[in-house]
Every structure is written in structure tokens, then in C-alpha cells.
Amino acid sequence: MKKSLSLAFVSVVLLLGCSQGTFKDFFDDLTNGFDNLTNDLTGNLLQGNIGNLQMGFAPGQGIPEGNDFSIEVEVNSIVINGGSAIVDVTSDEKLSKLFLNIEGENGVYQIDLENVACPSQDDICRIVGGKYLYTLSVLLNQDPEKLSDGESLEITFSGLSEDNEQSESVKEKVTVKEVGFGDLQVSLSWNNPDDLDLYVETPSGDKIFYANTEVGNGRLDLDAEAACQPDDIRNENIYFTVPLSDGTYKVSVRVFMKCGTSTGAAYSVSAFHNREIFDFAGKKQQGRFGDRDDDDKEIVIGTITVRNGNVVK
Ligand SMILES: [Ca+2]
């Protein structure tokens, strides 16, 4: 087992020794812990910000059993290192927080939903059948030392309502598919069976995608749901080894084919350079295709600029 985490947090002490407490104790401790821990997820399985949501990790405990209300969770069954798991949570109650725990990790991740309106303009929350449907993406560590091929992760989810009631816990299993990451990694994850495709246009003007998988030292090593052949992978990955060519890399996502779905795919695009996640300046890396978007609909996610072999951030 390689779930040992490097927990370089100064406030760990705050959270130790309370694993048998009440939910109120758990929540108070977690809240105090997150004052210091939010944004600092380096070295853990999930990391980074998620759109405009904040995610934090508090070590020292799991999620207590809750039973105040029900939630249903759908999550990608396959995840890639450096990619995202798209999580759809349907809840009877409007949520202020979502907690996640990965079996074997002594600690809890928290996604803060307090400031998410429902319905929200960016589709993070919608009302479906009188319930609240949250679509979130959680980013997975890029390091295959932490996430190795074929490894199975059991994730426990639990929601907190605006009245501080705790939902029942829901467990879901995801399996890791290991992909290349090189010096620059761009990956796409989505949540339905549609055939989406990831494109990166390199500074030479050549595009890397399913039909042209290698340009220079850039390579697409994972294509999924090709021509609606269901594979449940729902992730695509392009990576570049050093040296990176200087210039502009344009990243886009295209619906190659709708595959009998009635709703548009929610997607997340993530990028790492030199083992660090970065955001495309001013661009939205999470979103959703429209329910009526047809084949060939393309969304430009953003551009990456490389100067002197390094990504300009
Ligand atoms: Ca595809």
C-alpha cells in the first residue's frame, strides 16, 4: 500500500484525537482546520482548486456516519493521474459542503459549496426533479507513485446541508488508468458516454488528436468513447516531453458524436507543467456542453504560452 501521505501541515495537531466525537465536534474541528489548510493540498491524492470552488484537506479522521437526509452520487468509474473525476451529487437538501474520504487516507477533503446558488449560472448546481444536482470535478494527483495503473480507490461522500445536517454516506469505487505526463500534461475528463475529443494545436500549427497522435515530442496516449464504442473511460490525455517548443499551444474540446444522450457532457480540462498544476489565464476549464449541442461542436478552452522552454503562468 502506498497511501502514506506527506502531511506537512502545521495545524495537524488541532485535528488529532477526535475521531470518536460527535458530528458537531467533527465539523467544528474540520472548520477550524480548513482555516489553515484550504488550498494546500500538495502531496495528497486530490489537489488544486475546482473551478471557483475551494477544496481543502484536513488530516486526522474519517467522515462520521450521517443519516439526516439522502444523497445519490455518480462518479467516473475510471480516472487518470492528472485528470479529474466528475462527481454528480443529487441531494434532497441544498448543500453547504461536500466531504470526501478516500479509503486508507487518514483525513477528509472538503468542497465548499456555501456560495453556490441553485440553479447557478455556471451549472454547478441545477434543480432536477425537485432535487439539487451538483456537478463538481475533483482533480487527481499527477504522480503515478500515488496513483498507479489498475489501483482501485474507494471514495466516501457525505453532504452537509445549510442547516448543518449531515447526509448519509455514499461509497463509490474508481479505478486508476495510468497515463503519460512528461513535462507538460493536458487532459480532459467528462461524465457521459458521448464521444468527446481533446485537441492541442502546437506552435507549429499541427494538431494533436485521435487521428494525429504525435507531433514532435507531444503525444496523445488515451482516446476514449471512439465513435460511440462504449468503454467507460471518458478521459483523454496529451503530454509533451522536454524540450518544449516555444510558442502558443491552443487547447480545445470537441463533441465528435453524441451517443444517444439527452444532456450535454460536463467536462473538466486540467494542465500540469513540471509537476505543478496551472490554470489557463482567464479561461474556464470546467463547463458543460449544451443539451442540444450537435456533433462537431467545439469549445476552445484556452491557450498555453511557452517561452524559453517553460510555461508562462
Ligand atoms: Ca474521443
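Two strands count as paired if DSSP finds at least two bridges between them. Strands themselves are DSSP runs (E, at least two residues), numbered from the N terminus. With that in hand, let's start the tour. This is a predicted model, in which local features need pLDDT of at least 70, side-chain atom pairs count only at pLDDT 80 or more, and totals for chains, interfaces and linings use all residues. Residues are numbered from 1 along each chain as its sequence is written.

**Stop 1: strand β11**

Select residues 184-190, which form strand β11. Look for L184, which sits opposite H273 in β18. Next, show residues 235-240, the strand β16, which is antiparallel to β11 and linked to it by six bridges. Here S189 faces N235.

Are the residues of β11 buried or exposed? A residue is buried if 20 or more other C-beta atoms, placed from the backbone, lie within 10 Å of its own, exposed if 12 or fewer, and partly exposed in between. By that count, seven of the seven residues in β11 are buried. L184, V186, L188 and W190 point one way, while Q185, S187 and S189 point the other.

**Stop 2: an open sheet**

Move on to the six strands of an open sheet with mixed pairing, in the order β1-β6-β5-β9-β10-β3. Color β1 (55-59) and β3 (78-80): each stands at an edge with a single partner strand, so one side of each has no neighbour in the sheet. Then pick β5 (residues 95-102) and β6 (residues 107-112), an antiparallel pair held by four bridges. Within this pair, F99 lies opposite Q110.

**Stop 3: strand β2 and V87**

Select residues 71-75 for β2, whose covered face shows I71, V73 and V75, while E72 and E74 make up the uncovered one. Five bridges connect β2 to the antiparallel strand β4 (residues 84-91). Click on V75 and you will find V87 of β4 opposite.

What does V87 touch, leaving aside residues up to four places away in sequence? Its contacts (C-beta atoms, placed from the backbone, within 7 Å) are V73, V75, L136 and V138.

**Stop 4: the largest nonpolar core**

A nonpolar core is a set of buried Ala, Val, Leu, Ile, Met, Phe, Trp, Tyr and Cys residues joined through C-beta atoms within 7 Å. The largest one here has 69 residues, and V87, L98, Y134 and Y267 have the most contacts inside it.

Note on methods. Contact = placed C-beta atoms within 7 Å.
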